[in-house]
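Subject: Structure for you, with notes

Hi,

Here is the structure I promised. Please open it alongside this email and read the notes below with the model in view.

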Amino acid sequence: MSMNLEREKAMLPGTPLKRVKSANLSKILFAGTVISMLVSLYFIFIFAAEESTMHAAQKIFYFHVSSAWLAFMAFFVTFVFSILFLIKRKRIFDTYAYVSAEIGVVFTIIVLTTGPIWARSAWNTWWVWEPRLITTLILFFIYIAYIMIRQMDGVWDKKARLSAVFGIIGFADVPIVFFAIRWWQTKFHPIVFGDGPSQQGGGIESSMLVALLVTITAFTILYAYLLQKGVSFEKMKMKVEHYKEKLREELDQ
């Protein structure tokens with residue numbers, strides 16, 4: 001039995017060299033995340049100018065927008081790897097799509113949490129049924145359905161194919177969320193950059209723009225770290241399941 005397990009081990013992904021490289025990459029990304037987050041906090045609370053109307057409450061803007069950026073990026077990665085999986089049928093593509101979708105859902109929750117907190121200060125209400133909020137909520141439920149499919153009983157490749165279709169179709173809502181305030185009249189969400197049918201883009205003060213870009217960069221590094229750790233964890237789960245199955249077969253003989 002041990003010889004068979006050794007042969008299976010040689011066939012599984014993740015040689016010692018790859019594991020060392022993965023560990024080193026994880027350390028680099030973790031260090032980059034911590035440093036960039038600390039830098040972004042400095043730019044948000046010290047460097048950036050304070051907004052004249054909402055004052056300190058406006059600072060949540062940086063976390064809200066950066067979380068939305070990360071969620072959109074995560075769902076785009078799910079979209080790309082879902083297509084690759086349907087073409088190549090390689091499990092690693094499905095793994096990247098799934099982990100990225102989980103990250104996207106977490107940060108969509110942050111968007112839907114920080115948004116009402118900010119709205120209370122800006123609009124004097126926690127929630128309004130306006131286009132961007134509605135389309136964001138729909139996006140959240142689409143990818144919740146994606147994750148629920150992955151938790152169903154059944155063969156993984158069937159679940160992977162079905163969830164890949166959800167991952168591809170669901171991404172169509174991302175540009176709708178982004179352009180919602182430009183396509184439909186709204187008196188709540190302001191257009192910061194560019195023109196729209198309802199109002200002119202108001203722009204943003206230079207120090208605020210720098211703080212926003214630094215925060216978006218920090219969240220992007222955080223995404224890379226979470227994706228790397230999540231994929232490593234999923235690979236470990238697959239290896240454990242593989243060994244359990246082989247051991248079960250050996251005991252049944």
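The notes below cover confidence, cores, salt bridges and the surface.

First, the ground rules. This is a predicted model, so to speak of local features we need pLDDT of at least 70, and side-chain atom pairs count only at pLDDT 80 or more, while totals for chains, interfaces and linings use all residues. Residues are numbered from 1 along each chain as its sequence is written, and side-chain values use heavy atoms, with hydrogens and water left out.

**Confidence**

pLDDT is the predictor's confidence in each residue, from 0 to 100. The protein averages 82. Of its residues, 81% reach 70 or more. Helix H3 (residues 60-88) has the highest mean among the elements, at 94. Helix H1 (residues 2-11) has the lowest, at 40. Residues 1-12 have pLDDT below 50, and this stretch makes 11 contacts beyond near neighbours in sequence. Residues 196-201 are also below 50, with 17 such contacts. A contact means heavy atoms within 4.5 Å. Helices (H or I, at least four residues) are DSSP runs, as are strands (E, at least two), numbered from the N terminus.

**Cores**

A nonpolar core is a set of buried Ala, Val, Leu, Ile, Met, Phe, Trp, Tyr and Cys residues joined through side-chain atoms within 4.5 Å. Buried means under 20% relative accessible area, exposed over 50%, and partly exposed in between (1.4 Å probe, protein chains only).

The largest core has 32 residues. Phe-75, Ile-103, Phe-107, Tyr-143, Tyr-146 and Tyr-223 have the most contacts inside it. Two or more residues come from each of H3, H4, H5, H6, helix H7 (173-183) and H8. H4 gives the most, nine residues. Leaving aside neighbours within four places in sequence, Ile-103 contacts Leu-70, Ala-74, Tyr-223, Leu-226 and Leu-227. Another core, of 11 residues, lies apart from the largest one. Its members include Ile-44, Trp-118, Met-208 and Leu-212.

**Salt bridges**

How many salt bridges does the structure hold? Three. The criterion is a side-chain nitrogen of Lys or Arg within 4 Å of a carboxyl oxygen of Asp or Glu.

- Arg-150 pairs with Asp-94, with the closest N and O atoms 2.7 Å apart. This pair links distant parts of the chain: Arg-150 is in helix H5 (residues 131-150) and Asp-94 in helix H4, 56 residues apart. Both partners are buried.
- Arg-161 meets Asp-157 at 3.6 Å, N to O. They sit four residues apart in helix H6 (residues 156-170), about one turn. Arg-161 is partly exposed at 29%, and Asp-157 is partly exposed at 27%.
- Glu-234 pairs with Lys-237 at 3.7 Å between the closest N and O atoms. They are about one helical turn from each other because they lie three residues apart in helix H8 (residues 206-252). Glu-234 is buried at 14%, and Lys-237 is partly exposed at 39%.

Glu-234 also touches Thr-95, as do Val-231 and Met-238. That list leaves out residues up to four places away in sequence. Thr-95 lies in helix H4 (residues 91-122). Thr-95 counts as buried because its relative accessibility is 5%.

**Surface**

A nonpolar patch of about 850 Å² is made by Phe-30, Val-34, Leu-38, Leu-41, Tyr-42, Phe-45, Ile-46, Phe-47 and Val-210. Patch residues have over 30% relative accessible area and no salt bridge; like charges are joined within 9 Å, nonpolar side chains (Val, Leu, Ile, Met, Phe, Trp, Tyr) within 5 Å. Areas come from the Shrake-Rupley method with a 1.4 Å probe; for residues, only the protein chains shown count as cover. Helix H2 (residues 16-47) supplies the largest share, eight residues. Ile-46 lies in helix H2 and counts as exposed because its relative accessibility is 59%.

Best wishes
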